[in-house]
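I opened the notebook to write down what I looked up in this structure, entry by entry.

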Amino acid sequence: MDGRPEQLQKEVIQKTLKHMVKIQILGRQIIKVTHVSTREFENNPNMIWNYDVMMHGTWDGNARDKINNNGISVIEEYIKKGRGVLTGHDSIGDVYGTKVGMGRIRNYFNIKVRKPWSCIW
């Protein structure tokens, strides 16, 4: 993280995403975005079923914030049911390798992790 409190980060993300998804001509929001922290998601990973697409991992290095195994299992089931998942390239591989977080389900994204990054943590 960049040192700012999580609430401030959440507000910045919400405002940024809200402006990014408006149609310029009509000024109408066509995509609704709900920011949920990784810890909030881990406490209730089944919330994912309320959405068409989930997104995780947009910070550089994903701020070294991985989703726990229970959350990853729910995401995997979500993918198997044909739902959409967007994830940043740093959340698969990077320092996480293939054993934790989104790296565990990297095959659904058709991503191979080169050997030096195949760590076990």
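I began with contacts in the protein chain between residues at least 6 apart in sequence, and 59% of them join residues at least 24 apart. I note here that the model is predicted.

Next I looked up the elements. The protein chain has 3 helices and 2 strands. I read their order from the N terminus as α-α-β-α-β.

Then I turned to burial and surface. The protein chain has 121 residues, and 37% of them are buried. I noted an accessible surface of about 8,200 Å² for the protein chain, with 52% of that belonging to carbon and sulfur atoms.

I also looked up a nonpolar surface patch. Ile30, Ile31 and Val33 make this patch, which covers about 250 Å². I placed Ile30 in the loop between helix H1 (6–20) and helix H2 (38–43).

My last entry is on aromatic rings. How many aromatic pairs does a search of the whole structure find? The search gives 1. For an edge-to-face pair the planes must be over 60 degrees apart. I found Trp49 in the loop between H2 and strand E1 (53–56), and Tyr78 in helix H3 (residues 69–80), so the pair ties together parts 29 residues apart in sequence.

Methods
Residues are numbered from 1 along each chain as its sequence is written. This is a predicted model: local features need pLDDT of at least 70, side-chain atom pairs count only at pLDDT 80 or more; totals for chains, interfaces and linings use all residues. Side-chain values use heavy atoms; hydrogens and water are left out. Patches are made of residues with over 30% relative accessible area and no salt bridge: like charges are joined within 9 Å, nonpolar side chains (Val, Leu, Ile, Met, Phe, Trp, Tyr) within 5 Å. Accessible areas come from the Shrake-Rupley method with a 1.4 Å probe; for residues, only the protein chains shown count as cover. A salt bridge is a side-chain nitrogen of Lys or Arg within 4 Å of a carboxyl oxygen of Asp or Glu. Helices (H or I, at least four residues) and strands (E, at least two) are DSSP runs, numbered from the N terminus. Buried means under 20% relative accessible area, exposed over 50%, partly exposed in between (1.4 Å probe, protein chains only). Contact means heavy atoms within 4.5 Å. Rings of Phe, Tyr and Trp (its six-membered ring) pair if their centres lie within 6.5 Å; planes under 30 degrees apart count as stacked, over 60 as edge-to-face and the rest as tilted.
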